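This report covers a sheet and the helices packed on that sheet. The structure is shown first.

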Amino acid sequence: MSKPPRLTLPSGARAHVLSTARGGFAVHEAGEPVRGTALLVPGFTGSKEDFIGLLEPLAGAGYRVVAVDGRGQHESPGPRDESAYALEELALDVLAQAAALGGGPVHLVGHSLGGLIARAAVLRDAAPFASLTLMSSGPAAISQAQQERTRLLVAALEAMREDMAGVWTAMRSFDPEDAVADAPELAEFLRGRWLATVPEQLIATGRILVSEPDRVDGLRGVDLPKLVLSGEVDYAWPVPLMDDMTHRLGAERVVVRGTEHSPNAEDPQVTAGALAAFWDAHPQV
């Protein structure tokens with residue numbers, strides 16, 4: 001899971017609810033659209049806080065940046081109905097969020113599962129977007145090892161969806177013995193985020209991660225600038241797989257040295273610099 005580098009918003013950023021035609025979504029927002037607007041979509045078990053380290057540097061680069069909790073995710077409400085979290089429904093949410101931001105085409109960034117959601121939105125309608133960044137997100141389903149872990153988690157959620165605290169405890173028991181303990185404030189946040197997320201959202205999106213087909217050929221035909229950004233190591237989609245996807249897409253490529261699956265949280269300064277450089281080279285029109 002992504003672990004935010006900090007939990008307090010930087011000066012000038014604000015938390016609010018973005019009203020859209022498909023309901024309200026909890027967001028963190030910073031900056032003015034001097035050079036454009038960006039929408040950041042988080043991954044599985046994640047939230048808008050995973051992008052908190054990007055807000056200040058991207059705002060400083062002249063961008064209005066909006067990081068969102070998807071429906072049923074952390075502070076955004078959602079129904080207790082698995083069908084509400086089908087990929088197509090989540091893609092429609094992203095399109096509604098982009099429309100609610102206004103001000104012309106939006107630079108769209110999807111992290112991990114968020115990359116699959118962002119891709120689905122662009123494949124449905126690319127007109128609202130100025131560019132697409134797939135961050136630590138691959139061409140199809142996650143790696144075989146991660147599929148097995150995710151299926152176990154989905155099965156636990158199906159059996160214990162009314163005991164999210166119990167699932168959390170069981171899940172964390174599989175952490176490596178030599179893992180560095182989270183700071184108390186971060187540990188409290190991670191557990192609270194898990195408990196606040198609708199279990200049906202996790203069940204449905206977990207299934208997406210283990211079953212998503214390869215849609216790279218279709219995405220290649222979408223006339224948008226594309227960036228594939230990742231760390232040096234990735235447990236969900238191996239880096240060579242993302243390299244190959246980059247070639248197939250005809251996309252630009254950035255590898256953030258010294259990071260793994262969450263460069264947005266592990267090295268937000270370098271990640272923000274790469275995003276801003278890409279957006280600067282492909283301004284909104």
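## Sheet

An open sheet is built from eight strands in the order β1-β2-β4-β3-β5-β6-β7-β8, with mixed pairing. The edge strands, β1 (14–20) and β8 (252–256), each pair on one side only. From one strand to the next the twist averages 25°. Strands (E, at least two residues) and helices (H or I, at least four) are DSSP runs numbered from the N terminus; two strands pair if DSSP finds at least two bridges between them.

Strand β2 (residues 23–30) pairs with strand β4 (residues 63–68) in the antiparallel sense over four bridges. Ala30 has Val65 in β4 as its bridge partner.

## Helices on the sheet

Helix α2 packs on the sheet and touches β1, β2, β3, β4, β5 and β6; its direction makes about 105° with that of β1. Helix α3 also packs on the sheet, touching β3, β5 and β6, and its direction makes about 140° with that of β5. Contact means heavy atoms within 4.5 Å. Axes are lines fitted to C-alpha atoms, for helices over the stretch in contact, and angles between N-to-C directions run from 0 to 180 degrees.

## Helix α3

## Basis

The model is predicted: local features need pLDDT of at least 70, side-chain atom pairs count only at pLDDT 80 or more, and totals for chains, interfaces and linings use all residues. Residues are numbered from 1 along each chain as its sequence is written, and side-chain values use heavy atoms, with hydrogens and water left out.
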